Structures are given as structure tokens and as C-alpha cells.
Amino acid sequence: MKRPIIPSQTFLETERLYLRELSPEVYKFLFTECNSSKIAEYLGLNTSKEVETEREKYNQGLVTYFSTFLSFHILDKQNGRVIGKCGYHTWAPTHRRAEIGYELYADEDKGKGYMTEALAAILAYGFEQLNLHRIEAYIAAYNTPSAKLLKRYGFTVEGNARGHYVVDGINEDSLLLSLLQPEYEQLKSSW
């Protein structure tokens, strides 16, 4: 397992996974103190182009006055491999809301329940540690696995965000789903 790079870094653990914090502070440390190979190893990146993409995101500013992010790398406990990411972006602490995002990097890791396992821990962390009242998710209407995952955790479809997301140069609609803290409290024991 890749250890914390800053002393205050949060780690969560599930049955098969470690969830390692990836915050603005971690990015700052990586891109001011580490070389490209260390950045690639830590973030689970495979090419120099991926490292440069992450460096560009960092240089353009990952945090604004109104919102920030807190994400977690998903690591396989058996081998310490970074298999994905799950966490909060567009987090507005003042308003106690954030958008959740998640991905598994390789097709071979999909369909094994990793994201189901990770999401339970991330939702609990959001409501119980970050004091969130509302967690939002935007997904493509055709993304059946995401819809199924979010509905499993009690997310409610609120509507359609027209032209919300660019895919292959085309603006596509997104479904907006949400979960509120009181709903989480009612449902968490059934997870």
C-alpha cells in the first residue's frame, strides 16, 4: 500500500479496498515536491501525457473561492494498485453540498463490485465527516451501471440538465440525481 505523502492525509478502508485521500494539499505536495515518475506512481498514471494533463489541471487551479474538492484513490488491498477514483468535486462547504464523481480506470476491474464498496464509504464520509446535507450526481441517461449504482444508494432523479456535458465534442444532457442527509440516515443501515 502506498503510504500517506502528507501527515494529515485521510485513509478509509473497506473489505477489499483502501481509499486514499486526494485533496488540494496532496496535489500541491505532488506538483511542488515530486518528480514526474513519483507523480505517475502515486496517482496510478501510465504515460507522461497523463502526468502532464494532471500537472495542467493543477497549474490552472483546482480550487476556487466558492468550491473545492476531496477525492479518494481506490486501491486494491491485495496489490496496492490504484484502480480508480471516487469523491467530491464542486464541493461548496458553506452550502453543505457537493457533486460526487467516480471511475474505475480499467475494464477488467468493472463489474466486480469495487465501486459499490467504495461508494458506501465515500457517502458515509461525506455525510458524517464533511457535514454534507446534499450530494448530487450527474450521469448520462445511457449510463445504466451508474444509474443502478446510485439508485441502490437511494439517490432520487430530479431532472435533466440539458447540454450539460461534452462527450466527443458534443454537448449531451445529464440526469441529475441527489441524496439528502436525512435520506442517508434512514437508508444507511440497509447498505
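This is a predicted model: local features need pLDDT of at least 70, side-chain atom pairs count only at pLDDT 80 or more; totals for chains, interfaces and linings use all residues.
Helices here are DSSP runs of H or I with at least four residues, and strands are runs of E with at least two, numbered from the N terminus.

**The largest nonpolar core**

- This core has 36 residues, and the members touching the most others are Ile74, Tyr88, Leu123 and Phe155.
- The top contributor is α4, which puts in 10 residues.
- Take Leu123: skipping neighbours within four places in sequence, its contacts are Tyr88, Ile100, Ile135, Tyr153, Phe155, Leu179 and Trp191.

**A second core**

- There's also a separate core of 13 residues, with Leu30, Ala40, Tyr42 and Leu43 among them.

**Leu150 on α5**

- Leu150 sits in helix α5.
- Its relative accessible area is 0%, so Leu150 counts as buried, the cut-off being under 20%.
- Again leaving out neighbours within four places in sequence, Leu150 is in contact with Tyr102, Leu119, Ala137, Ile139, Phe155 and Leu177.
- For a sense of scale, Leu150 and Gln60 are 90 residues apart along the chain, and their C-alpha atoms are separated by 31 Å.

**How α2 meets α3**

- Helix α2 (residues 36-43) packs against helix α3 (residues 48-60) at an angle of about 90°, and the axes are 10 Å apart.
- Angles of 65 to 115 degrees count as roughly perpendicular, so that's the label for α2 and α3.
- On the α2 side the contact uses Ser36, Ile39, Ala40 and Leu43, while α3 brings Val51, Glu52, Glu54 and Arg55.
- By type, the residues in this contact split into four nonpolar, one polar and three charged.

- Most residues other than glycine have a negative phi.
- Arg96 has a positive phi, near 60°, without being a glycine.
- You'll find Arg96 in the loop between β4 (82-92) and β5 (97-104).
- With a relative accessible area of 32%, Arg96 is partly exposed.
- Asn131, also not a glycine, has a positive phi near 60°.
- The relative accessible area of Asn131 is 44%, so Asn131 is partly exposed, as this falls between the 20% and 50% cut-offs.

How values were computed. Residues are numbered from 1 along each chain as its sequence is written. Side-chain values use heavy atoms; hydrogens and water are left out. Buried means under 20% relative accessible area, exposed over 50%, partly exposed in between (1.4 Å probe, protein chains only). A nonpolar core is a set of buried Ala, Val, Leu, Ile, Met, Phe, Trp, Tyr and Cys residues joined through side-chain atoms within 4.5 Å. Contact means heavy atoms within 4.5 Å. Axes are lines fitted to C-alpha atoms, for helices over the stretch in contact, and angles run from 0 to 180 degrees between N-to-C directions. Angles under 35 degrees count as roughly parallel, over 145 as roughly antiparallel, 65 to 115 as roughly perpendicular and the rest as oblique. Ala, Val, Leu, Ile, Met, Phe, Trp, Tyr, Cys and Pro count as nonpolar, Asp, Glu, Lys and Arg as charged, and the others, Gly among them, as polar.
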